[in-house]
Amino acid sequence: MVVYSEKETGVETKHLLMLPAIGLVILALSVIAAYSQGDIPFVKDSAFENPRRPPVAFYHDEHNEKAGLLECNGCHHVYENGKKLESSASVGMECSQCHLASENNSAIDLIRVYHLQCRGCHLKKNAGPILCGQCHQKNDN
Ligand code: HEC
Ligand code: HEC
Ligand code: HEC
Ligand code: HEC
């Protein structure tokens with residue numbers, strides 16, 4: 001447990017107001033942690049146990065900065081009754097947690113949504129790779 005001094009928090013330590021202040025600090029720290037955890041070099045969904053293709057290089061933060069993607073839920077979306085919720089995000093969840101959640105889903109569906117999201121945007125923006133070997137790079141390990 002980290003102890004914050006009176007000077008840092010502006011709240012008298014023995015005062016009860018300290019509790020929400022600590023809550024805010026913890027919230028701030030977890031947001032920073034989420035940002036740095038997003039910095040992954042590959043997309044490797046754990047649902048693909050025996051991948052047939054080489055892993056897809058995806059320098060998460062660098063990619064999103066270059067592509068100008070500021071909204072986390074542009075990819076980490078949440079739907080309710082078929083509608084995308086503008087103010088919610090599913091950061092920290094693997095795509096497979098939802099897209100393989102129903103018994104009707106198969107690995108093909110999961111591959112399809114990955115391709116639809118990644119390749120779909122590249123086609124739409126006329127930027128970024130669209131061929132199999134450009135994403136599934138053999139020697140990029
Ligand atoms: C272009 C699409 C895209 C955008 C935009 C995006 N992400 Fe991601 N993110 C992904 C993909 C794909 C994964 C890997 C998911 C998987 O493994 O199923 C991922 C993984 C993550 C992870 C987990 C990393 C790990 O260690 O496994 C975190 C945390 C994360 N993103 C945070 C964020 C945050 C915060 C934002 C907004 C600032 C954001 N992402 C925006 C596509 C995106
Ligand atoms: C919290 C659950 C959840 C997570 C996590 C999630 N999705 Fe979805 N996604 C949905 C739902 C619900 C829909 C609505 C259509 C449907 O029922 O399949 C959808 C729709 C889509 C669509 C079709 C509509 C569109 O936006 O173009 C694509 C593509 C897609 N998801 C890709 C992804 C990818 C890639 C990831 C991981 C980065 C992801 N999803 C994470 C629940 C989720
Ligand atoms: C909403 C749009 C969008 C989505 C979604 C998206 N990309 Fe991109 N991507 C771009 C744009 C735009 C560029 C070109 C950036 C530049 O260099 O100007 C790009 C470039 C790339 C590049 C080239 C190298 C780099 O990092 O710039 C790779 C690799 C890539 N994307 C992989 C992916 C993968 C894998 C996914 C899905 C997990 C994905 N992208 C999802 C828009 C998108
Ligand atoms: C824009 C990038 C992109 C392009 C282009 C692309 N893929 Fe993918 N593909 C992905 C991502 C991201 C995943 C999810 C990878 C993971 O989680 O391991 C994936 C997953 C897969 C999977 C399931 C995992 C595995 O290796 O068994 C297969 C099979 C696959 N892709 C085949 C193809 C084929 C064939 C093509 C060309 C017709 C293609 N992909 C083009 C990004 C791409």
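Glutamate 86 counts as exposed because its C-beta atom has 10 C-beta neighbours inside 10 Å, and the cut-off for an exposed residue is 12 or fewer. The structure described here is a predicted model. The place of glutamate 86 in the chain is the loop between strand E4 and helix H4. In sequence, glutamate 86 stands 12 residues from glycine 74, while the C-alpha atoms of the two are 9.2 Å apart in space.

Serine 87 is found in the loop that runs between strand E4 (83-84) and helix H4 (96-99). Its C-alpha atom is separated by 8.2 Å from that of asparagine 73, and 14 residues of chain separate the two positions. Leucine 85 also has its place in the loop between E4 and H4. The C-alpha atoms of leucine 85 and asparagine 73 are separated by 8.7 Å, the two residues being 12 apart along the chain.

Which residues is leucine 85 in contact with, once its neighbours within four places in sequence are left aside? They are Val78, Tyr79 and Glu80. Why does leucine 85 count as partly exposed? The reason is its count of 13 C-beta neighbours inside 10 Å, since the partly exposed class lies between the limit of 12 or fewer for exposed residues and that of 20 or more for buried ones.

**Two asparagines with positive phi**

Asparagine 81 is found in the loop between strand E3 (79-80) and strand E4. Its phi is near 50°, which is a positive value in a residue other than glycine. Asparagine 126 is not a glycine either, and its phi is also positive, at about 55°.

| Residue | C-beta neighbours inside 10 Å | Class |
|---|---|---|
| Asparagine 81 | 5 neighbours | exposed |
| Serine 87 | 6 neighbours | exposed |
| Asparagine 126 | 7 neighbours | exposed |
| Glutamate 86 | 10 neighbours | exposed |
| Leucine 85 | 13 neighbours | partly exposed |

Helix H5 has 19 residues and covers positions 107-125. From its first C-alpha to its last, H5 reaches 27 Å, close to the 27 Å expected at 1.5 Å a residue. The helix bends by about 25° at arginine 119. An α-helix has 3.6 residues a turn, so residues three or four places apart point the same way.

Ligand 4 is surrounded by 22 residues, and the closest are Asp45, Pro51, Arg53, Cys132 and Cys135. Helix H5 and helix H6 (132-135) each supply at least two residues of this shell. H5 gives the most to the shell around ligand 4, with 6 residues. The residues around ligand 4 divide into 13 nonpolar, 4 polar and 5 charged.

**The protein as a whole**

How many helices and strands does the protein contain? There are 6 helices and 4 strands. Along the sequence they follow the pattern α-α-β-β-α-β-β-α-α-α. The protein has 141 residues, and 1% of them count as buried. Among its contacts between residues at least 6 apart in sequence, 27% join residues that are at least 24 apart.

The average pLDDT of the protein is 81, and 71% of the residues score at least 70. Over residues 1-19 the pLDDT is below 50, and this stretch has 11 contacts in the model beyond near neighbours in sequence. Residues 22-37 also have a pLDDT below 50, with 3 contacts beyond near neighbours in sequence. Where pLDDT is low, the predicted coordinates should not be read in detail.

Definitions and conventions:
Residues are numbered from 1 along each chain as its sequence is written. Chains are lettered from A and ligands numbered from 1 in the order in which they are written. This is a predicted model: local features need pLDDT of at least 70, side-chain atom pairs count only at pLDDT 80 or more; totals for chains, interfaces and linings use all residues. A residue is near a molecule or strand if its C-beta atom, placed from the backbone, lies within 6 Å of it. Ala, Val, Leu, Ile, Met, Phe, Trp, Tyr, Cys and Pro count as nonpolar, Asp, Glu, Lys and Arg as charged, and the others, Gly among them, as polar. The expected span of a helix is 1.5 Å times one less than its number of residues. The bend at a residue is the angle between axes fitted to the seven residues ending there and the seven starting there. Two residues are in contact if their C-beta atoms, placed from the backbone, lie within 7 Å. pLDDT is the predictor's confidence in each residue, from 0 to 100.
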